[in-house]
Amino acid sequence: MVYLAVLDIYNVVLEIMFKHAAETISPNFPEKFAFLRSTLARNLALLESFHQQTGHEEPQGEKIHYQVLKEMEFKIETSKLRQIVLQKRFARDRVVVSGDNIFIVNAKGEDMEAGLVLAVHHLKTGEVIKQFTAVAQSLLSGNKYTLCTRLCVLDEFVCLSLSQGYPKASISSRDQVFLVNWVEEKLVMKQTVSHSPQLKDAVKEREDWLTLNTSLGVYLTRKADEVFMLHSEVVLPELGC
């Protein structure tokens, strides 16, 4: 790490001192110089912190690049509900970092509280900011659902999608998409999206290695005061031998 810091400092000095003077008239030179200066300052602060540590000195508080790293554990639980399947291979899709928070969804609860439970932790402290039933089990009808689509977070909104007929074939082949306001702890919108014929065929023909050539996704974007949701399917064609 020390070697890389010194190498960064050397490259910055080389860049500033030995480039052609005409580069200073480039329109983006101020941004480039600001970046080089911040790189230099960051690495000098890092080296100074190391030097203070070797001398058994207390690092200065304003050195923002010295900090005590904390280890935190966030639990991703198996499903406690028969109606909602949480497969291990999709576990990473149940965790999203957005801003200063980490969002984790589990399937648990009893009676009216049963369903997809969303927990929002502060990323730096691990403190639970919110934990509530984002999608109640009572909103789901029919056969089992699988959570195999990555969570999407945009500001105060979280988008969750539960699938029937993917990754395993079933009578119903659709996604139930839910838009939740996690700040106010309320469901904003519920939308049913039927799977395309191409995805249905892929599930029937290639279920054993389905996730290698297909995927589902939900995305959020904001324009002015409006929030838009996009649901996507990706089905790659089968390549011949």
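How many salt bridges does a search of the whole structure find? In this predicted model, the search finds 6.

One of these joins the side chains of glutamate 77 and lysine 80, with an N to O distance of 3.4 Å. Together with Lys108, Glu77 and Lys80 are linked in a network of salt bridges.

Another salt bridge, between the side chains of aspartate 155 and arginine 222, has an N to O distance of 3.1 Å. This pair links distant parts of the chain, 67 residues apart: aspartate 155 lies in the loop between strands E7 and E8, and arginine 222 in strand E11. Aspartate 155 is partly exposed at 45% relative accessibility, as is arginine 222 at 31%. In a further salt bridge, the closest N and O atoms of glutamate 184 and lysine 186 are 3.1 Å apart.

The largest nonpolar core has 25 residues, of which Ile84, Leu116, Leu118, Leu160 and Leu162 touch the most other members. Strands E3, E4, E5, E8 and E9 each supply at least two residues of this core. Beyond its neighbours within four places in sequence, isoleucine 84 contacts Ser79, Ala107, Gly115, Leu116, Leu140, Tyr145 and Leu162. A second, separate core comprises 8 residues, including Cys152, Cys159, Leu179 and Leu220.

Finally, the largest pocket has a volume of about 160 Å³. Of the 10 residues that line this pocket, Phe90, Arg92, Asp93, Cys148 and Ser215 lie nearest its centre. The lining consists of 4 nonpolar, 3 polar and 3 charged residues.

How values were computed: Residues numbered from 1 in each chain as written. Predicted model: local features only at pLDDT ≥ 70, side-chain atom pairs only at ≥ 80, totals over all residues. Heavy atoms only, no water. 1 Å grid on protein atoms, 1.4 Å probe; cavity = no way out; pocket = protein on both sides within 12 Å on 5 of 7 lines; lining within 4 Å. Points joined across faces, edges and corners; volume = space filled by probe spheres on them. Nonpolar A, V, L, I, M, F, W, Y, C, P; charged D, E, K, R; others polar. Core = buried A, V, L, I, M, F, W, Y, C linked by side-chain atoms within 4.5 Å. Buried < 20%, exposed > 50% of the residue type's maximum accessible area, 1.4 Å probe, protein only. Helix = DSSP H or I, 4+ residues; strand = E, 2+ residues; numbered from the N terminus. Contact = heavy atoms within 4.5 Å. Salt bridge = Lys/Arg side-chain N within 4 Å of Asp/Glu carboxyl O.
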